[in-house]
Amino acid sequence: MTAETSQTLDRGLRVLKLLAETDHGLTVTELSKQLGVNRTVVYRLLATLEQHSLVRRDAGGRARVGVGVLGLGRQVHPLVREAALPVLRSLAADVGATAHLTVVDGTDALAVAVVEPSWTDYHVAYRTGFRHPLDRGAAGRAILTGRSKDISDEDGYVLTHGELEAGASGAAAPLPRECGIEGSVGVVMLSEAVPPEVGPRVVRAAQEVAAVLR
(Lines give C-alpha, C1' and ligand atoms only; values in the text may rest on other atoms or scores of the structure.)
Protein backbone atom coordinates (compact mmCIF):
# COMPACT_ATOMS: atom_id res chain seq x y z
CA MET A 1 0.00 0.00 0.00
CA THR A 2 1.26 3.49 -0.85
CA ALA A 3 0.51 6.71 1.02
CA GLU A 4 -1.96 7.72 -1.69
CA THR A 5 -4.19 4.62 -1.40
CA SER A 6 -6.88 3.63 1.08
CA GLN A 7 -6.30 0.36 2.93
CA THR A 8 -9.98 0.00 3.82
CA LEU A 9 -11.12 0.54 0.25
CA ASP A 10 -8.49 -1.88 -0.98
CA ARG A 11 -9.74 -4.54 1.42
CA GLY A 12 -13.35 -3.94 0.43
CA LEU A 13 -12.52 -4.37 -3.25
CA ARG A 14 -10.58 -7.53 -2.46
CA VAL A 15 -13.67 -8.87 -0.66
CA LEU A 16 -15.78 -8.27 -3.77
CA LYS A 17 -13.22 -9.96 -6.01
CA LEU A 18 -13.00 -12.99 -3.72
CA LEU A 19 -16.79 -13.32 -3.61
CA ALA A 20 -17.04 -12.91 -7.38
CA GLU A 21 -14.70 -15.86 -7.85
CA THR A 22 -16.90 -18.33 -5.97
CA ASP A 23 -20.38 -19.67 -6.63
CA HIS A 24 -21.09 -20.81 -3.08
CA GLY A 25 -20.07 -17.72 -1.11
CA LEU A 26 -17.53 -17.36 1.69
CA THR A 27 -17.81 -17.23 5.46
CA VAL A 28 -16.33 -14.51 7.62
CA THR A 29 -13.65 -16.96 8.74
CA GLU A 30 -12.75 -17.87 5.16
CA LEU A 31 -12.55 -14.22 4.15
CA SER A 32 -10.47 -13.44 7.23
CA LYS A 33 -7.92 -16.09 6.28
CA GLN A 34 -7.72 -15.06 2.64
CA LEU A 35 -7.40 -11.36 3.43
CA GLY A 36 -5.01 -11.89 6.32
CA VAL A 37 -7.04 -9.72 8.70
CA ASN A 38 -9.06 -10.46 11.82
CA ARG A 39 -12.76 -11.30 11.80
CA THR A 40 -13.79 -7.93 13.23
CA VAL A 41 -12.37 -6.15 10.19
CA VAL A 42 -14.22 -8.52 7.88
CA TYR A 43 -17.51 -7.96 9.71
CA ARG A 44 -17.13 -4.20 9.26
CA LEU A 45 -16.28 -4.54 5.57
CA LEU A 46 -19.28 -6.78 4.93
CA ALA A 47 -21.64 -4.52 6.85
CA THR A 48 -20.56 -1.53 4.77
CA LEU A 49 -20.84 -3.42 1.49
CA GLU A 50 -24.28 -4.72 2.52
CA GLN A 51 -25.51 -1.17 3.05
CA HIS A 52 -24.80 -0.52 -0.64
CA SER A 53 -26.31 -3.88 -1.73
CA LEU A 54 -22.92 -4.97 -3.05
CA VAL A 55 -22.86 -7.97 -0.69
CA ARG A 56 -25.59 -10.15 0.80
CA ARG A 57 -25.40 -12.83 3.49
CA ASP A 58 -27.58 -15.92 3.47
CA ALA A 59 -29.19 -17.63 6.45
CA GLY A 60 -26.04 -19.67 6.98
CA GLY A 61 -23.86 -16.57 7.19
CA ARG A 62 -22.11 -17.05 3.86
CA ALA A 63 -21.43 -13.81 2.00
CA ARG A 64 -22.12 -13.50 -1.71
CA VAL A 65 -22.04 -10.74 -4.29
CA GLY A 66 -25.20 -8.60 -4.02
CA VAL A 67 -27.56 -7.26 -6.66
CA GLY A 68 -26.05 -3.78 -6.33
CA VAL A 69 -23.22 -4.80 -8.64
CA LEU A 70 -25.74 -5.13 -11.49
CA GLY A 71 -26.28 -1.39 -11.51
CA LEU A 72 -22.54 -0.84 -11.74
CA GLY A 73 -22.30 -3.42 -14.51
CA ARG A 74 -24.90 -1.67 -16.64
CA GLN A 75 -22.80 1.48 -16.59
CA VAL A 76 -19.76 -0.47 -17.73
CA HIS A 77 -21.37 -1.76 -20.94
CA PRO A 78 -21.19 1.58 -22.86
CA LEU A 79 -17.50 1.96 -21.95
CA VAL A 80 -16.73 -1.60 -23.02
CA ARG A 81 -18.65 -1.14 -26.26
CA GLU A 82 -16.79 2.06 -27.14
CA ALA A 83 -13.42 0.45 -26.46
CA ALA A 84 -14.21 -2.65 -28.53
CA LEU A 85 -15.73 -1.01 -31.62
CA PRO A 86 -12.46 -0.34 -33.54
CA VAL A 87 -11.43 -3.99 -33.16
CA LEU A 88 -14.88 -5.21 -34.21
CA ARG A 89 -14.87 -2.94 -37.28
CA SER A 90 -11.56 -4.41 -38.37
CA LEU A 91 -12.78 -7.95 -37.72
CA ALA A 92 -16.02 -7.42 -39.68
CA ALA A 93 -14.12 -5.93 -42.61
CA ASP A 94 -11.51 -8.68 -42.70
CA VAL A 95 -13.95 -11.59 -42.41
CA GLY A 96 -16.94 -10.12 -44.24
CA ALA A 97 -19.30 -11.10 -41.44
CA THR A 98 -21.14 -9.47 -38.56
CA ALA A 99 -18.78 -9.09 -35.60
CA HIS A 100 -19.87 -8.84 -31.99
CA LEU A 101 -18.70 -8.50 -28.40
CA THR A 102 -20.81 -10.53 -25.99
CA VAL A 103 -20.73 -10.53 -22.18
CA VAL A 104 -22.35 -12.57 -19.44
CA ASP A 105 -25.65 -11.30 -18.06
CA GLY A 106 -26.90 -13.79 -15.49
CA THR A 107 -27.45 -17.06 -17.34
CA ASP A 108 -27.57 -15.32 -20.72
CA ALA A 109 -25.09 -14.12 -23.28
CA LEU A 110 -25.74 -10.44 -24.09
CA ALA A 111 -24.41 -8.70 -27.20
CA VAL A 112 -23.12 -5.28 -26.10
CA ALA A 113 -21.42 -4.24 -29.35
CA VAL A 114 -22.17 -5.28 -32.94
CA VAL A 115 -20.56 -4.20 -36.23
CA GLU A 116 -21.89 -5.31 -39.62
CA PRO A 117 -19.57 -5.57 -42.64
CA SER A 118 -19.80 -2.69 -45.11
CA TRP A 119 -18.79 -4.44 -48.33
CA THR A 120 -20.85 -7.64 -48.43
CA ASP A 121 -24.08 -8.10 -50.39
CA TYR A 122 -25.81 -9.73 -47.42
CA HIS A 123 -25.07 -10.54 -43.80
CA VAL A 124 -26.77 -11.74 -40.64
CA ALA A 125 -28.82 -9.12 -38.81
CA TYR A 126 -27.43 -9.26 -35.28
CA ARG A 127 -28.31 -6.39 -32.99
CA THR A 128 -26.90 -4.88 -29.82
CA GLY A 129 -29.01 -6.11 -26.93
CA PHE A 130 -29.62 -9.53 -28.47
CA ARG A 131 -29.46 -12.21 -25.80
CA HIS A 132 -29.51 -15.98 -25.75
CA PRO A 133 -28.70 -18.80 -23.31
CA LEU A 134 -25.01 -19.30 -22.61
CA ASP A 135 -25.16 -22.89 -23.80
CA ARG A 136 -26.40 -21.98 -27.28
CA GLY A 137 -24.53 -20.15 -30.02
CA ALA A 138 -20.81 -19.66 -30.49
CA ALA A 139 -20.63 -16.55 -28.30
CA GLY A 140 -22.13 -18.22 -25.25
CA ARG A 141 -20.32 -21.50 -25.73
CA ALA A 142 -17.00 -19.66 -26.00
CA ILE A 143 -17.68 -17.97 -22.67
CA LEU A 144 -18.46 -21.30 -21.03
CA THR A 145 -15.31 -22.82 -22.53
CA GLY A 146 -13.21 -20.00 -21.16
CA ARG A 147 -14.88 -20.40 -17.78
CA SER A 148 -14.49 -24.15 -17.49
CA LYS A 149 -10.91 -24.72 -18.53
CA ASP A 150 -7.67 -23.24 -19.78
CA ILE A 151 -7.97 -23.22 -23.56
CA SER A 152 -4.39 -22.11 -24.22
CA ASP A 153 -3.57 -25.58 -25.57
CA GLU A 154 -6.73 -25.79 -27.68
CA ASP A 155 -7.65 -23.96 -30.86
CA GLY A 156 -8.96 -21.17 -28.68
CA TYR A 157 -12.29 -20.73 -30.45
CA VAL A 158 -15.73 -22.32 -30.78
CA LEU A 159 -17.66 -23.01 -33.98
CA THR A 160 -21.41 -23.56 -34.27
CA HIS A 161 -24.01 -23.87 -37.02
CA GLY A 162 -27.75 -23.25 -36.94
CA GLU A 163 -28.07 -22.99 -33.14
CA LEU A 164 -29.54 -19.50 -33.07
CA GLU A 165 -30.64 -18.95 -36.66
CA ALA A 166 -31.20 -21.47 -39.43
CA GLY A 167 -28.40 -21.36 -42.01
CA ALA A 168 -26.12 -19.21 -39.89
CA SER A 169 -22.70 -20.25 -38.62
CA GLY A 170 -20.72 -18.65 -35.84
CA ALA A 171 -17.19 -18.48 -34.51
CA ALA A 172 -16.23 -16.97 -31.16
CA ALA A 173 -13.32 -16.84 -28.73
CA PRO A 174 -13.46 -16.00 -25.03
CA LEU A 175 -11.86 -12.85 -23.72
CA PRO A 176 -8.67 -13.66 -21.81
CA ARG A 177 -9.43 -13.87 -18.10
CA GLU A 178 -6.90 -11.23 -17.13
CA CYS A 179 -8.92 -8.46 -18.78
CA GLY A 180 -11.46 -8.76 -15.96
CA ILE A 181 -14.58 -9.09 -18.11
CA GLU A 182 -16.27 -12.41 -18.79
CA GLY A 183 -17.21 -12.32 -22.44
CA SER A 184 -16.34 -13.32 -25.98
CA VAL A 185 -15.64 -11.85 -29.39
CA GLY A 186 -17.12 -13.53 -32.42
CA VAL A 187 -18.63 -13.38 -35.89
CA VAL A 188 -21.83 -14.76 -37.38
CA MET A 189 -22.31 -15.45 -41.11
CA LEU A 190 -24.76 -17.03 -43.51
CA SER A 191 -22.86 -20.16 -44.51
CA GLU A 192 -22.83 -23.90 -43.98
CA ALA A 193 -19.40 -23.74 -42.35
CA VAL A 194 -16.95 -21.18 -41.05
CA PRO A 195 -13.84 -20.81 -43.23
CA PRO A 196 -10.72 -22.18 -41.48
CA GLU A 197 -8.96 -18.82 -41.31
CA VAL A 198 -11.80 -17.19 -39.38
CA GLY A 199 -11.25 -18.99 -36.06
CA PRO A 200 -7.67 -17.73 -35.53
CA ARG A 201 -8.73 -14.24 -36.64
CA VAL A 202 -11.47 -14.22 -33.98
CA VAL A 203 -8.95 -15.31 -31.33
CA ARG A 204 -6.69 -12.41 -32.29
CA ALA A 205 -9.61 -9.98 -32.08
CA ALA A 206 -10.49 -11.24 -28.58
CA GLN A 207 -6.90 -10.64 -27.51
CA GLU A 208 -6.96 -7.14 -29.01
CA VAL A 209 -10.19 -6.25 -27.19
CA ALA A 210 -8.75 -7.57 -23.92
CA ALA A 211 -5.62 -5.46 -24.39
CA VAL A 212 -7.75 -2.32 -24.80
CA LEU A 213 -9.80 -3.12 -21.68
CA ARG A 214 -6.84 -3.71 -19.34
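A polar contact here is a pair of N or O atoms within 3.5 Å; within protein, one must be able to donate a hydrogen and the other to accept it, and residues adjacent in sequence count only if both atoms are side-chain atoms. The model is predicted, so local features need pLDDT of at least 70 and side-chain atom pairs pLDDT 80 or more, while totals for chains, interfaces and linings use all residues. Numbering runs from 1 along each chain as its sequence is written, and side-chain values use heavy atoms, leaving out hydrogens and water.

**View 1. The ends of helix 3 (residues 39–51).** Asn38 caps the N-terminal end, with a side-chain oxygen 3.1 Å from the backbone nitrogen of Thr40. After the helix comes Ser53, with a positive phi near 60 degrees. Helices (H or I, at least four residues) and strands (E, at least two) are DSSP runs, numbered from the N terminus.

**View 2. The two sides of helix 3.** Val42, Leu45, Leu46 and Leu49 are buried (under 20% relative accessible area; exposed is over 50%, partly exposed in between, with a 1.4 Å probe and protein chains only). They sit on the same side of helix 3, because their arc around the axis is only 95 degrees, taken from the directions from the helix axis to the C-beta atoms. Over on the other side, Arg44 and Gln51 are exposed. The buried residues pack against helix 1 (7–20), helix 2 (28–35), strand 1 (55–57) and strand 2 (63–65), where contact means heavy atoms within 4.5 Å.

**View 3. Thr107 in its loop.** Thr107 lies between strand 3 (98–105) and strand 4 (108–115). Its relative accessible area is 64%, so Thr107 counts as exposed. Leaving aside residues up to four places away in sequence, Thr107 touches Pro133 and Leu134.

Notes. Expected span 1.5 Å × (residues − 1).
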